[in-house]
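Morning, everyone. I have one structure to walk through today. Please have a look at it while I talk.

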Amino acid sequence: MIKDDAQRYGWLSITVHWLSALLVIAIFGIGFYMVDLTYYDKGYHELPKLHVSLGLLLAMLLIVRIGWRVSQRGKPQPLPNHSRKIRLAAASMKHLLYLLMLVMVVTGYLINTAKGDPADFFELFSVPATWQLSSDGVDLVGEIHEIAAWLLILLALAHAGAALWHHFVIRDRTLLRMLRPGKSDPNP
């Protein structure tokens with residue numbers, strides 16, 4: 001089952017979801033670690049390249065994810081036991097996660113290309129710079145990038161916590177729908 005339906009997510013949605021989650025965690029961890037490196041530290045030159053390449057990969061997955069979501073006619077509907085508040089909270093969290101990932105990839109790209117140099121993707125290809133930023137502009141975009149990174153990781157933790165709450169406390173199929181595709185059982 002590749003496509004989503006009213007009961008479950010398909011393999012493409014599930015794969016892109018979990019790859020995005022792993023990338024967000026990895027990119028955040030690398031970024032958190034590398035900001036305090038000095039010129040002579042191990043990884044000073046290589047970790048920023050990896051951070052940028054993984055950020056570009058996240059941007060590509062985000063494009064696939066949004067395109068796939070828009071193209072899907074049958075998307076999983078909230079479970080019948082979900083109240084209006086839970087549905088609103090879930091939709092708001094999903095949209096905020098998308099927005100923060102978008103802010104992260106755009107600001108990361110702007111920081112990396114601020115001097116007019118392209119953003120390199122694992123030395124396979126480069127994404128050209130679109131415009132240069134002043135030093136004040138880079139500082140502002142850097143602050144936005146850092147704040148958005150913390151907000152994204154905190155919201156992702158809340159998202160994971162909510163999924164576990166649904167699974168272990170409410171005991172519904174919310175988490176299971178994002179773990180494996182297939183027909184939902186008749187008693188969700």
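I'll start with the ground rules, then the overall layout, then a few residues.

This is a predicted model, so local features need pLDDT of at least 70, side-chain atom pairs count only at pLDDT 80 or more, and totals for chains, interfaces and linings use all residues. Residues are numbered from 1 along each chain as its sequence is written, and side-chain values use heavy atoms, with hydrogens and water left out.

Layout first. The protein has 5 helices and 2 strands. Those are DSSP runs, numbered from the N terminus: helices are H or I with at least four residues, strands are E with at least two. In sequence order the pattern is α-α-α-β-β-α-α. The C-alpha trace spans about 60 × 30 × 30 Å along its principal axes.

How much of the protein is buried? Of its 188 residues, 36% count as buried. Buried means under 20% relative accessible area, exposed means over 50%, and partly exposed is in between, with a 1.4 Å probe and protein chains only. The protein exposes about 12,000 Å², and carbon and sulfur atoms supply 68% of that. These areas come from the Shrake-Rupley method with a 1.4 Å probe; for residues, only the protein chains shown count as cover.

Now contacts, meaning heavy atoms within 4.5 Å. Take contacts between residues at least 6 apart in sequence: 69% of them join residues at least 24 apart.

Ser53 is an example. Ser53 sits in helix H2, residues 46-71. Ser53 counts as buried because its relative accessible area is 3%. Leaving aside residues up to four places away in sequence, Ser53 touches Asp120, Phe121 and Phe122.

Next, Trp150, in helix H4. Trp150 is partly exposed, at 37% relative accessible area. Leu100 is 50 residues from Trp150 along the chain, and their C-alpha atoms are separated by 9.8 Å.

On to charges. How many salt bridges does a search of the whole structure find? It finds 2. A salt bridge here is a side-chain nitrogen of Lys or Arg within 4 Å of a carboxyl oxygen of Asp or Glu.

One joins the side chains of Asp4 and Arg69, at 2.9 Å from N to O. This pair links distant parts of the chain: Asp4 is in the segment before H1, Arg69 is in helix H2, and they are 65 residues apart. Both Asp4 and Arg69 are buried.

Another joins Lys49 and Glu46, with the closest N and O atoms 3.7 Å apart. These two are 3 residues apart in helix H2, so about one helical turn separates them. Lys49 is partly exposed at 45%, whereas Glu46 is exposed at 51%.

Last, surface patches. Patches use residues with over 30% relative accessible area and no salt bridge; like charges are joined within 9 Å, and nonpolar side chains (Val, Leu, Ile, Met, Phe, Trp, Tyr) within 5 Å. Leu50, Met60, Phe122, Leu124 and Phe125 make a nonpolar patch of about 450 Å². Met60 lies in helix H2 and is partly exposed, at 32%.

That's my tour. Questions, please.
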